[in-house]
Amino acid sequence: MPQPSAAGKTVLVTGGASGLGKAIATKYVKAGANVAICDINEQRVQETISALSSQGSIRGYTVDVSILDQVEQLFQDILATFGTLHILVNNAGIMDRFDPVGDLDPALWHSVIAVNLTAPFLLSRRAVQTFLAQESPDGYILNIASMAGKVGLAAGAAYTASKHGLVGLTKNTSSFYANRGIRCNALMMGGMHTNVTDAFLAGVNPEGKQRTAEIMQALKVPVCNIDDVADLCVTLSEGSRSNLLNGALIHVDNGWGSIMG
């Protein structure tokens with residue numbers, strides 16, 4: 001029986017110590033990949049490594065992915081350990097608090113943009129450089145975006161702008177490097193039960209939260225199971241099955257985006 005095409009490949013999953021990122025890392029480990037995870041929470045990194053190290057090849061790094069020097073060091077460490085990189089999953093992200101632009105604290109704006117947009121840029125930049133330096137350029141970037149990157153009232157102004165920006169980064173990366181053996185797609189995520197929803201629990205803008213909640217309740221669309229999403233992530237990186245997908249904005253939302261238009 002042939003091995004899954006993820007076997008033997010080196011994968012970096014950001015925000016890989018909890019929620020969807022941990023689920024994605026787990027699926028890649030089980031598929032036989034060499035997995036590097038990074039997360040800003042050192043305790044979660046250590047717990048994830050302890051849980052998964054017996055199942056396959058995995059290394060963990062405590063990194064603030066919005067800081068250039070830390071991203072550079074992360075890539076140096078990954079290349080020193082594994083020798084190369086084949087797949088980048090830009091999963092790390094933070095939620096805003098449903099503030100519309102008139103109520104938005106500039107500090108929160110900068111924090112959300114830094115993690116949700118600047119970090120994917122910094123990581124994609126180094127990943128592309130790494131891919132192109134290989135004898136046979138072959139690389140894949142998967143950006144975990146959101147339906148907030150398409151519609152205007154799925155979150156606050158900061159998160160919405162960050163995910164619209166990530167969609168633009170996905171399209172530019174995919175189109176510019178399409179003839180260089182590098183693919184880039186984005187998952188347009190609907191609702192999930194992950195730690196990102198912690199932002200919903202306290203300190204949110206009540207009007208913004210209420211408007212979003214009314215839309216979700218009216219649509220009656222179930223949230224996505226993170227294990228199913230993680231399986232999809234691995235499948236989409238297997239070139240033999242999905243190399244025709246490049247620059248794709250893939251709705252992973254149980255049809256929520258279709259209802260919204």
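1. Let me start with N143. Leaving aside neighbours within four places in sequence, N143 is in contact (heavy atoms within 4.5 Å) with N90, S124, L166, T170, C184, N185, A186 and L187. This residue sits in strand β5, residues 139-144; helices (H or I, at least four residues) and strands (E, at least two) are DSSP runs, numbered from the N terminus. N143 counts as buried at 1% relative accessibility, where buried means under 20% relative accessible area, exposed over 50% and partly exposed in between (1.4 Å probe, protein chains only). From N143 to C233 there are 90 residues in sequence and 9.9 Å in space, C-alpha to C-alpha.

2. A word on the ground rules. This is a predicted model, in which local features need pLDDT of at least 70 and side-chain atom pairs count only at pLDDT 80 or more, while totals for chains, interfaces and linings use all residues. Residues are numbered from 1 along each chain as its sequence is written, and side-chain values use heavy atoms, with hydrogens and water left out.

3. Now the chain as a whole. It has nine helices and seven strands, and 48% of its 261 residues count as buried. Among the chain's contacts with a separation of 6 or more, 75% join residues 24 or more positions apart. The chain exposes about 11900 Å², of which carbon and sulfur atoms supply 52%; these areas come from the Shrake-Rupley method with a 1.4 Å probe, and for residues only the protein chains shown count as cover.

4. Next, the nonpolar cores. A nonpolar core is a set of buried Ala, Val, Leu, Ile, Met, Phe, Trp, Tyr and Cys residues joined through side-chain atoms within 4.5 Å. The largest one has 34 residues, and Y28 and L187 have the most contacts inside it. Helix α1 (residues 19-30) gives the most to this core, with six residues. Apart from it lies another core of 23 residues, including C38, Y61, L85 and V128. As background, nonpolar side chains in soluble globular proteins tend to be buried together.

5. A230 and Y28 are 202 residues apart in sequence, yet 8.7 Å apart in space, C-alpha to C-alpha.

6. The axes of α1 and helix α7 (residues 226-236) come within 8 Å and cross at roughly 50°; axes are lines fitted to C-alpha atoms, for helices over the stretch in contact, and angles run from 0 to 180 degrees between N-to-C directions. That makes α1 oblique to α7, given that angles under 35 degrees count as roughly parallel, over 145 as roughly antiparallel, 65 to 115 as roughly perpendicular and the rest as oblique. On the α1 side the contact is made by G19, L20, A23, I24, K27 and Y28, and on the α7 side by I226, D227, V229, A230, D231, C233 and V234.

7. Within α7, A230 counts as buried at 0% relative accessibility. Beyond its neighbours within four places in sequence, A230 is in contact with L20, A23, I24 and K27.

8. Then there is the pair α4 and α5. The axes of helix α4 (residues 106-133) and α5 come within 8 Å and cross at roughly 15°, which makes α4 roughly parallel to α5. Their crossing is right-handed. W109, V112, I113, N116, L117, P120, F121 and S124 of α4 meet A157, A158, Y159, A161, S162, K163, G165, L166 and L169 of α5.

9. T160 lies in helix α5, residues 157-176, and is buried, with a relative accessible area of 10%. Leaving aside neighbours within four places in sequence, T160 is in contact with D96, A148, V151, G152 and A155. T48 lies in helix α2, residues 42-52, and is buried as well, with a relative accessible area of 0%. Not counting residues up to four places away in sequence, T48 touches G16, A17, K22 and I37.

10. Finally, a backbone point. F98 has a phi near 65°, a positive value in a residue other than glycine. Most residues other than glycine have a negative phi. F98 is found in the loop between β4 (87-90) and α4, and is buried, with a relative accessible area of 6%.

Conventions
Left-handed = near helix turned anticlockwise from the far one by under 90°.
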